[in-house]
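The sequence and structure come first, and the notes follow.

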Amino acid sequence: MNKLNKSIIGLTIIMAFGTTNAVYGQQDSLAVGRTFTLGEVVVRASKPETKANRVEAEQITSFAKTDVAETLNLLSGVNLSAVGARNEAMVYVRGFDLRQVPLLIDGVPVYVPYDGYVDLARFTTFDLAAVEVSKGYTSVNYGPNALGGAINLISRRPIKRFELDGATGWVSRGYRSNFNVGSDFGKFYVQAGISKLNRNAFPLSNSFTPTATEDGGNRVNSYNNDEKYHVKVAYSPDQRSTYALAYTFQHGEKGSPVYAGSDPQNSQLNSPRYWQWPYWNKQSVYFISNTAIGQRQHVKTRVYYDAFTNLLTSYDDNTYTTITKGYAFKSYYDDYTLGGIGEYSSQLTDWYGVVGSVHYKHDVHREHNEGEPVRTMIDGTYTVALENNLRISSRWSAQAGFSFNNRTSIRAEDALEADNRFTDFPANNNNAYNVQGALHYRPFLNHALQFSVARKTRFATTKDRYSYRMGTALPNPHLNAEYAINYELAYAGRANDRLDFHVSAFYSDVNNTILMVSNVAQDAANDRWLNQLQNAGNSRYKGIELGANYHFVPGATLGGNYTLIERKNVSNPDLFFTDVPRHKVFGFLQYRLSDRISAQVNAEYNSERYSTSYGTLTPAFTLLNTRVAVQVWRWFSVESGINNIADRNYFLAEGYPEPGRNYFVNLRYRI
């Protein structure tokens with residue numbers, strides 16, 4: 001028996017088999033009430049009643065997850081990854097990256113317009129009611145670019161006249177503090193929060209072998225500082241209509257640790273990057289409303305403005321003081337998105353309902369290096385979507401959706417002329433359509449089966465179409481949308497009020513994939529060949545997800561999940577897909593003694609993964625974590641825990657070691 005099988009079997013025996021990922025022990029009895037339901041994108045169909053795609057606030061606290069990336073990693077079908085050179089936390093959902101799985105807050109898109117990515121480590125969890133992932137059949141009402149699904153961060157709302165909660169504490173090489181307050185006055189409520197997460201560095205494992213750029217101990221240039229402010233006010237004239245206005249401001253700053261690997265083909269082995277972000281800021285203002293019309297109709301709106309600014313500073317050397325060499329620079333982004341979503345739903349009969357929506361998203365990207373003029377790129381994207389829900393009988397129901405999407409380039413500035421004016425890329429636009437259907441069957445009470453097929457699309461980003469890749473590539477303004485045919489068969493059930501379980505099998509046929517094609521044109525001046533992104537890729541993703549939670553005695557829960565995913569590059573089998581392990585296993589044991597003491601231990605196994613397309617591997621790893629909490633007084637509790645108890649030296653990206661053993665202690669308060 002090989003090491004892989006032994007590791008999987010060992011974790012399975014110790015921590016239990018599978019999980020639905022979000023029942024995770026004792027639920028907060030107020031969890032549902034505290035969820036800002038206007039922020040949910042509701043799919044009105046009789047789907048399997050599994051929580052495999054959702055993590056509630058109580059579970060985020062129980063597993064001591066401070067950012068969205070770590071929280072999402074609790075779910076089956078989701079793999080945590082990292083862009084090491086940029087010190088960014090990413091996830092893959094069934095093999096799809098964040099360009100293909102957009103990030104939303106309360107149903108409002110917040111991903112970065114230029115490249116479609118977002119650093120999930122900059123999004124803390126302290127004011128969230130839930131984190132939800134849509135996989136497989138993803139409603140067309142999520143909007144464009146949800147080729148592989150969507151991630152929605154749902155904010156909280158108060159349910160009492162006065163609520164106050166928060167935590168203050170110490171984490172290895174840093175500290176955290178957050179404070180939430182809310183009041184529900186009946187027809188009005190207000191919710192506000194402030195948080196800060198600061199870390200001067202993270203500790204490396206004692207097993208880390210020092211390199212020329214990293215001597216061990218504290219990881220050099222791994223600091224981060226994240227602050228967040230959020231306020232929301234809402235008015236509900238009756239129980240069926242609500243109007244809410246929210247504002248969020250995030251300030252982040254971070255360093256990017258230098259490459260500390262040994263891959264001879266990695267250019268950073270001999271030419272390391274000395275990068276820091278003095279600021280990484282996001283602010284959002286959005287208005288959401290839900291207006292009831294009679295007993296069977298609703299009109300829902302979302303109007304939003306989302307701004308993103310950052311500064312990337314590239315220094316000469318590891319002193320991080322001077323900017324004089326050719327590769328040193330200061331790069332500024334100043335982006336914003338202005339958009340709106342209108343949604344109409346009607347339950348026309350007891351057995352048939354319809355939901356239609358119109359989306360428009362106006363993305364503006366402005367960039368420049370210090371001393372250069374600002375280059376501007378603007379895209380407009382609109383979507384028209386319609387979803388139908390049909391209850392065939394008490395056991396059978398069906399769902400179908402269609403959307404038309406258009407992305408138009410409004411402005412795209414190219415190279416500088418001698419008089420400091422920009423030329424323009426040619427005008428371009430792209431149409432795409434999504435069509436999908438699902439069939440649901442309930443053989444027994446608390447059991448459900450679903451089969452779905454979905455054709456989903458993703459538009460090329462501004463960076464995909466216009467970037468010269470630092471002089472190594474030709475832009476391609478006329479890139480078409482990628483598309484995938486996603487199939488899913490899922491079963492979920494509950495037995496004896498103790499066992500929750502789910503199983504899913506999925507398959508994706510991905511076409512028109514945007515890939516870099518080598519040697520498409522010669523750069524005679526620099527004696528080299530140039531590359532270009534083209535719609536040249538076809539691939540196949542397939543896998544299974546298994547999960548279960550078992551409440552075997554009062555207060556005790558045993559559970560976990562397993563994900564198998566295989567990705568095949570049909571177009572070019574010699575190029576490997578990166579960042580997703582073939583196997584991932586997660587398990588936990590949680591026990592709560594009355595309302596005073598709770599303890600939890602969890603383990604995670606990841607098999608090896610490719611870190612580069614030419615075959616560099618990062619080894620498999622197993623992590624063990626724990627947390628204990630004690631209620632010391634009516635309003636106060638103390639928690640402490642250890643992450644990576646065994647002090648493993650592990651990597652999500654080759655050359656970028658992750659934290660070794662680290663600790664936290666927090667004082668929590670709730671009124």
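## A pair of buried charges

D226 and R122 are both buried. The model shown here is a predicted one. In this model the side chains of D226 and R122 form a salt bridge, with 2.7 Å from N to O. The two residues lie 104 residues apart and link distant parts of the chain. D226 belongs to strand 11 (residues 224–238), while R122 sits in the loop between strand 5 (108–109) and strand 6 (128–134).

R122 also meets the side chain of D119 in a salt bridge, at 2.9 Å from N to O. D119 is buried, as is R122.

## Other salt bridges

The count of salt bridges in the model comes to 34. Another of them joins E88 to R86, whose closest N and O atoms are 3.1 Å apart. E88 has a relative accessible area of 12%, so E88 is buried, the limit being under 20%. R86 counts as partly exposed because its relative accessibility is 26%, which falls between the limits of 20% and 50%.

## The surroundings of R668

R668 is placed in strand 35 (residues 662–670). Its side chain makes a polar contact with the side chain of E639, at 3.1 Å. Leaving aside residues up to four places away in sequence, R668 touches T61, G166, A167, R176, R627, W635, F636, S637 and E639.

## The largest cavity

The model has nine cavities of 30 Å³ or more. The largest cavity holds about 190 Å³ of space. It is lined by 19 residues, and those closest to its centre are Y111, P113, N145, D363 and T461.

Strand 16 (352–369), strand 17 (375–391) and helix 4 (462–466) each supply at least two residues of this lining. By class, the lining of the largest cavity consists of seven nonpolar, five polar and seven charged residues.

## The second largest cavity

About 90 Å³ of space lies in the second largest cavity. Its lining is made up of P102, L104, P109, Y111, Y142, G143, P144, Y304, I341, H359, Y360 and K361. Strand 16 gives the most to this lining, with three residues.

Nine residues of the lining of the second largest cavity are nonpolar, two are polar and one is charged. Y111 is part of this lining, and Y111 is also among the residues closest to the centre of the largest cavity.

Technical notes: Residues are numbered from 1 along each chain as its sequence is written. This is a predicted model: local features need pLDDT of at least 70, side-chain atom pairs count only at pLDDT 80 or more; totals for chains, interfaces and linings use all residues. Side-chain values use heavy atoms; hydrogens and water are left out. Helices (H or I, at least four residues) and strands (E, at least two) are DSSP runs, numbered from the N terminus. A polar contact is a pair of N or O atoms within 3.5 Å; within protein, one must be able to donate a hydrogen and the other to accept it, and residues adjacent in sequence count only if both atoms are side-chain atoms. Contact means heavy atoms within 4.5 Å. A salt bridge is a side-chain nitrogen of Lys or Arg within 4 Å of a carboxyl oxygen of Asp or Glu. Buried means under 20% relative accessible area, exposed over 50%, partly exposed in between (1.4 Å probe, protein chains only). On a 1 Å grid over the protein atoms alone, a cavity is a set of points where a 1.4 Å probe fits but cannot get out, and a pocket is an open set with protein on both sides within 12 Å along at least five of seven lines; lining residues have an atom within 4 Å of a point. Grid points are joined across faces, edges and corners, and a volume is the space filled by probe spheres set on the points. Ala, Val, Leu, Ile, Met, Phe, Trp, Tyr, Cys and Pro count as nonpolar, Asp, Glu, Lys and Arg as charged, and the others, Gly among them, as polar.
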